[in-house]
Structure formats: structure tokens, C-alpha cells
Amino acid sequence: MSQQTCCVCGTPLGDALYRSPANRSLTSLCQIHPSATIVHACSECGHLQSDPIADVDAYYEADYDILVGSEEEDQVYEVVDGQPIYRTAHQVAIFLDKVLLPADANLLDYGCAKSSTIRMLCSSAPGFTPHLFDVSSRYIPFWKSFVRESNWAVHAIKPGWASHFDVVTSFFSLEHIPRPAESLREIASLLKPGGIFYAIVPNVFTNIADFIVVDHCNHFTETSLARLLGDAGLDVREIDAHAHRGAYVVVARKPLAGEKSRPVRDRTAIERAQIELARIADFWRNASERIRAYEARLENGERVGVYGAGFYAAFIAANLAHPGRIACYLDQNPFLQGKSMDGRPILAPGELPAGIHKLLVGLNPAHAKRIVAEIPALAARELDCFYL
Ligand SMILES: [Zn+2]
């Protein structure tokens, strides 16, 4: 593996920046995968990449069950005054804010999965013609309701799609693709001159959990995104780190014939990214050790609560020597309460059983203390809290 190269710019990668302490990794669906997480940073373009899981094709065809439960199932982006704002609706709103979509446009959603965003866009901005592409055939039942069969493709792009599209979109798919430079060149070839590429990818700096998500082989930085797009012949219009929490929203344009593209290289930004990535690697290395050290101080058989029911909570459970000591998970999100995680109930904070005095907080450490301090039901209890 010493000859590994950066999948964005092709530069040989040196030693790993991070290696998980055990042969156990967490996937984006909070499941344990029996392999180590190994992460490299590229000194040339600032990209961060994880070694692909061994059986990646089989994983997406068989195990990757993101929201295939039903057509209406959706993730909550945030809860404002008790009202959920769904991720799909938020993505449609940002897209319409950033892209002028002509009524007769051809649009392709690349790596589309269920393509819930484009399905909703069809009702918000009717007139355009949606096309879909994914490496898995499992979503076809969802596609049928809003796309003609001749306008979707599985595994390989259709030959007639060259220079066919006004807009190509990618909502949280580039992070899963082991050879993104190849995919971006393909995407660029599918765009008409002047066409727009629009993507959303996780931002590892604002959501550091992404650093150790093993099925995200790519963790893009602003500099690696700029390099990826530039090398594919696209001009970066915008890389927005604020419109979607924990993510980058990317808008790029294919130059018209005769127009020269303008690649951007920013050495200082690449160096800044590397320093910050090394800091995140240290955080995760220490986090496993700190969980074990906290557990070692518990009474034999003592039960604990875990605050949160997402990735950070799953990381805590995966790092406990005795995860059976978790009595319950707590979460403020009413859509998670009443469900379960690892066979333990997810409860409202006020329902924490009286006999539990220790709480491990599985939240983004940037916000964890503030969030817990603002929950009256927890403030009223004598709790010893562990923070990541
Ligand atoms: Zn690179």
C-alpha cells in the first residue's frame, strides 16, 4: 500500500495521518465494519482520503440501506421550535437559490440513489427533464414515479448523453466514489458548454465525524475540490461552507468553446488545511483512549446513558470495552424518541432512568457542552458527564 496515490491529483501519498486503534470502523450508517480506518492527507492538493473498504461494490449493492424504507422517509436537517426541516426540502431551497434552471433544461442527478431532491425539485420547478444515474439498481422502484425509463442509467452512462446536460447534480455522492477524478471528467463530458455542475459533499472541518467514516473514501477540502474541478476542465463559481451545515455546496461551470478555464492553486490554503487535518487526527486518536479511561473508572457493571443517537454516539458505543453497560440513548429529536439503537431505547432527556448517574455525550464536540447545558431535564439531575 506504500505506492498509494491521491485520488484527486495523483501525487504519491506518504505515511497515513490516522489509523484506527482496532480493526473496527464505523460506516456512515453508524454500523461497525470489520476493517481498520486508514486516512491519508495529500500535501499537494490538501485532499483527505480513506482506504476504500475491501468489498465496496458489494457494500453498496447489498448493505447500503440509506432510506430505502419508504418514499417519504427523510432525514431531519434541523428542528426549529419543534418543527422539523427536512434535509431534502433544504437541499431543494439552496439549489434553487444558487442555480438558474431553464424550464426546458436537461438535468442529470449523478450518483442519485433515490434522488429525493430531484423528485421534490420536479414539483417546485416543473418543466425541466430529469435524468438519473447510479451504480446500484436497487432504487429503480423510486425512480419510476418521476422519470421515464429511457432517462435513467445504472452502472454505465448512456452514449447519447455526451454534452447533453444543462445541469449535472450530485447530492452527497462524490465522497463515496473511489476515483473521483475519473467521475468528474465524465461529468464534465456530459455537460453542454456553459452547463453547471452542482454538488454537496460533507465538510470534515465543520463535522469532524466525517474524518473516520470508513465508507467515505473522500473527505474534500476547499483546495482539493478546486483541484478536482479544475483538472476536469470546470471553472469554480462557488464553494460555500455555510449554506448547508456540515457540508460544502459547490457550483462550477463548463467553459464555452473558446473560453479558457482558470484553475486556482492556493499553497497557503493547502498548508492551512493540512495543519487542521492533523489536529482532527489527534482528536480521534485521543477520543478512543479517553473513552476507555473513563470506562475504567466506572464501578463493575455500572450502567450509563449515552446522549445523542447519531454517529458520535455510535463511536462511543463502539469504543466501550463493555457496550452492554449502556442503558439507553437520549435525544431531543422527537423523530428519534421511541426508536432504538443497538437494541437500546432512544428516550427524551427527561426519561433518563433515576438510577443512572453517568452520561457519555455523543455529540459534535464543537457544540456538545452548550447543547447539554441548555436541557433543563439534565440540569436538574446530578450527572457526571463525559465529553468527547
Ligand atoms: Zn492530492
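A salt bridge here is a side-chain nitrogen of Lys or Arg within 4 Å of a carboxyl oxygen of Asp or Glu. The model is predicted, so local features need pLDDT of at least 70 and side-chain atom pairs count only at pLDDT 80 or more, while totals for chains, interfaces and linings use all residues. Residues are numbered from 1 along each chain as its sequence is written, and side-chain values use heavy atoms, with hydrogens and water left out.

**Exercise 1. Find the salt-bridge partner of K358 and say where the two residues lie.**

Step 1. The partner is E302, with the closest N and O atoms 3.1 Å apart.

Step 2. K358 belongs to strand β20 (residues 358–361) and E302 to the loop between α7 and β16 (304–307), so the pair ties together parts that are 56 residues apart in sequence. Helices (H or I, at least four residues) and strands (E, at least two) are DSSP runs, numbered from the N terminus.

Step 3. K358 and E302 are both buried. Buried means under 20% relative accessible area, exposed over 50%, and partly exposed in between (1.4 Å probe, protein chains only).

**Exercise 2. Describe the zinc site: which atoms coordinate the ion, and in what arrangement?**

Step 1. The SG atoms of C6, C9, C42 and C45 coordinate the zinc ion at 2.3 to 2.4 Å. Donors are N, O and S atoms within 2.8 Å of the metal (3.2 Å for Na, K and Ca); water is not among the atoms, so sites may look incomplete.

Step 2. The angles between the four donor atoms run from 100 to 116°, which makes the arrangement tetrahedral. Four donors count as tetrahedral if all angles lie between 85 and 135 degrees.

Step 3. Along the chain, the donors follow the spacing C-x2-C-x32-C-x2-C. C9 lies in the segment before β1 (18–19) and C42 in the loop between β4 (38–41) and β5 (48–50), so this pair ties together parts that are 33 residues apart in sequence.

Step 4. C9 and C42 are buried; for C9, the relative accessibility is 16%.

**Exercise 3. Work out how much of helix α6 is buried and what covers it.**

Step 1. In α6 (residues 222–231), eight of the 10 residues are buried. Among them are T223, L225, R227 and L229.

Step 2. The cover over these buried residues includes α5 (180–190), β12 (191–202), β14 (235–240), β15 (247–253) and α7 (267–296). Contact means heavy atoms within 4.5 Å.

Step 3. Just after α6, G233 takes a positive phi of about 85°.

Key. Tetrahedral: all angles 85-135°; square planar, octahedral: opposite > 155°, others 65-115°.
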